[in-house]
Amino acid sequence: MGMIREMVEFMENSLPELIASVIGLVGVIVIIASLNLNVFIGSIVATVLIFIVYVATSKKTVSLNKSYNDELENQVAAISKNEVSHLDKHLRDIMKWNIKLSDLEAINFSIAFIILISFLVMSIIISVDDGIVQYGSLFALIMYVFQYMENVANLPFFYQNWLRLTEIKERIENI
């Protein structure tokens, strides 16, 4: 039931946020393209690099989600046995899978954050090299870069949710 609740929650809450993030990302990238073509190219490169990081770890994410969901399915049996040692083992296993998922997410997010900070620094350098030296113009471009970073930082969260929900969907279909 908890897994079905996750799917409903995604559709009700996360999907509208995903749509807003994608629309916002496209809009801010178009604005960046109109302000500086080289920074626009950098934003595309940064987005692709972040996407590669998450796609490269997607098999590991799916595997960890599967193990976590397997343990969640054992929850009723663990509670119904009414043995403290069995329940303790079950809770420790759930905690173990949560920690592994969290560690992978922290590594992925750290790499994505490094890519985004590097892009921010490079966008300033590129802008100045391209002759944007007026404070107002440079400030405007950097603010759009920050907005881009905010939108891009949200997308991996939705991708990981989608991977989790795909595994849950397969699980429900096999019932």
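Q: Let's start with Ser 34: which helix is it in?
A: Ser 34 is part of helix H1. Keep in mind that this is a predicted model.

Q: And is Ser 34 buried or exposed?
A: Exposed: its relative accessible area is 59%, and the cut-off for that label is over 50%.

Q: How far is Ser 34 from Leu 141, C-alpha to C-alpha?
A: Their C-alpha atoms are 9.9 Å apart, while along the chain the two are separated by 107 residues.

Q: Okay, on to helix pairs. How do the axes of H1 and H2 cross?
A: At roughly 145°, with the axes coming within 6 Å of each other.

Q: Which residues meet there?
A: From H1 you have Ile 29, Ile 32, Ala 33 and Leu 35. Facing them in H2 are Leu 37, Val 39, Phe 40, Ser 43 and Ile 44.

Q: What does the contact of H1 with H2 look like by class?
A: Eight nonpolar residues, one polar and no charged ones.

Q: Now H3 and H5: at what angle do their axes cross?
A: Helix H3 (residues 58-73) and helix H5 (residues 84-129) cross at roughly 160°, and their axes come within 9 Å. The cut-off for roughly antiparallel is over 145 degrees, so H3 is roughly antiparallel to H5.

Q: Left-handed or right-handed crossing?
A: Left-handed, as H3 passes H5.

Q: Which residues make the contact?
A: On the H3 side they include Lys 60, Leu 64, Tyr 68 and Glu 71. The H5 side includes His 90, Asp 93, Ile 94, Trp 97 and Leu 101. By class, this contact of H3 with H5 has seven nonpolar, five polar and four charged residues.

Q: Switching to cores. In the largest nonpolar one, which residues touch the most other members?
A: Ile 50, Val 145 and Tyr 148, out of 24 residues in that core.

Q: Which elements give two or more residues to this core?
A: Helix H1 (2-35), helix H2 (37-56), H5 and helix H6 (135-173). H6 gives the most, with nine residues.

Q: What does Tyr 148 touch?
A: Leaving out residues up to four places away in sequence, it touches Leu 25, Val 28, Ile 29, Ile 32, Ser 43, Ala 46, Thr 47, Leu 116 and Phe 119.

Methods
Residues numbered from 1 in each chain as written. Predicted model: local features only at pLDDT ≥ 70, side-chain atom pairs only at ≥ 80, totals over all residues. Heavy atoms only, no water. Axes fitted to C-alpha atoms, helices over the stretch in contact; angles between N-to-C directions. Helix = DSSP H or I, 4+ residues; strand = E, 2+ residues; numbered from the N terminus. Parallel < 35°, antiparallel > 145°, perpendicular 65-115°, else oblique. Left-handed = near helix turned anticlockwise from the far one by under 90°. Contact = heavy atoms within 4.5 Å. Nonpolar A, V, L, I, M, F, W, Y, C, P; charged D, E, K, R; others polar. Core = buried A, V, L, I, M, F, W, Y, C linked by side-chain atoms within 4.5 Å. Buried < 20%, exposed > 50% of the residue type's maximum accessible area, 1.4 Å probe, protein only.
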